[in-house]
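The report that follows goes through the model by topic, beginning with a single side chain and ending with backbone angles.

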Amino acid sequence: MSLKKIAVERGIRYFLISFVDLFGVMRAKLVPATAIDDVARSGAGFAGFAAWFDMTPADPDVLVTPDPDSLIQLPWKKDVAWITGDLTMGGKPVAQNPRQVLKKAIAGAAAQGYELKTGVECEYFLISQDGTALSDASDTQSKPCYDQQALMRRFDVVAEICDAMIELGWGPYQNDHEDANGQFEMNWDYAPALVTADRHAFFKYMVKSIAEKHGLRATFMPKPFIDLTGSGCHVHASLWSKGGENLFVGKDDPMGLSPLAYHAIGGIMHSAESLCAITNPTVNSFKRINAPVTTSGATWSPNTVTYAGNNRT
């Protein structure tokens, strides 16, 4: 379907054609709706070297081809829509693009008859505009997790984000103050892995934008404060049959897991060190691991390759 036609129907004036770099930073070009179909055909051009890809200034432009299924109209600025897509360079796919790495894994699972579904638990801090302090000077409990007063002092921000997710049909179901002062977590329904990944990328942009509307700053930095619990992102993953059955469920197992689920866990453990290149993409990511004990008493950051029914250490 023509993106220009969608723009006319929904009152969209501009499109953010976007992708995520290797450090999780959102990159974009702002394209007027009058030009969107032409750009969608040819691709929006970016210098890959300037966006942290493993390229040089001599490489040709990376082209982003918008995926209409990823389109999200900004709830707080409805005349703008966000859209992401796949990357090519010189007519070939950009294999290092995180979205295309995921699509390759999804295709591999599908070839074996599986559909990968995921859900995420996103954590972030609300800090001052200059980034030097927490946004709420009254948020001082030594164990602030689930602190109702601190949560409600930021009700306007959290509720606007949650209302946006409701409007977008994501199925948000709970929001809380997390284990660090100034830290929050928001959860929404699981979905096919690519859908969740696109929503996760947009969620980070949305949280930052709505925080700015309220004169605050949001950061997903893993360890912004050495004495406070860092921000992680729990990922819930499962494989489903083409008929819609969760293949990780094992009715006779003490932990409710199937043999396939245990094999999947084994695969993750086998490749855990390599996976750190994806889960811990920055130096700051590693500042959570074996960090000094925080004011709440725990870092909540794993430092060993293990599994259990409920092991959050």
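## A surface tryptophan and its patch

Trp52 is exposed, its relative accessible area being 55%, where exposed means over 50%, buried under 20% and partly exposed in between (1.4 Å probe, protein chains only). Trp52 lies in the loop that runs between strand E3 (44-46) and strand E4 (62-66); helices (H or I, at least four residues) and strands (E, at least two) are DSSP runs, numbered from the N terminus.

Together with Leu22, Phe23 and Val25, Trp52 forms a nonpolar patch on the surface, and the accessible area of the four together is about 380 Å². Patches are built from residues with over 30% relative accessible area and no salt bridge, nonpolar side chains (Val, Leu, Ile, Met, Phe, Trp, Tyr) being joined within 5 Å and like charges within 9 Å; a salt bridge is a side-chain nitrogen of Lys or Arg within 4 Å of a carboxyl oxygen of Asp or Glu.

## Basis of the values

This is a predicted model, in which local features need pLDDT of at least 70 and side-chain atom pairs count only at pLDDT 80 or more, while totals for chains, interfaces and linings use all residues. Residues are numbered from 1 along each chain as its sequence is written, and side-chain values use heavy atoms, with hydrogens and water left out.

## Overall fold

The protein contains 8 helices and 13 strands. Its radius of gyration is 21 Å, close to the 20 Å that the globule rule gives for 313 residues, so the protein is as compact as a globular protein of that length; the radius is taken over C-alpha atoms, and the rule is 2.2 Å times the number of residues to the power 0.38. Along the principal axes, the C-alpha atoms fill a box of roughly 55 × 50 × 40 Å.

Of the 313 residues, 41% are buried. The protein exposes about 16,800 Å², of which carbon and sulfur atoms supply 56%, with areas taken from the Shrake-Rupley method with a 1.4 Å probe.

## Helix H6 and positive phi angles

Helix H6 (residues 193-213) has 21 residues and should span 30 Å at 1.5 Å a residue, which agrees with the 30 Å between its end C-alpha atoms; the expected span is 1.5 Å times one less than the number of residues. H6 is followed by Gly215, whose phi is positive, near 75°.

Asn290, although not a glycine, has a positive phi of about 55°; Asn290 is in the segment after helix H8 (272-279) and is exposed, at 59% relative accessible area. Trp300, also not a glycine, has a positive phi of about 55° and is found in the segment after H8, where Trp300 counts as partly exposed at 43% relative accessibility.
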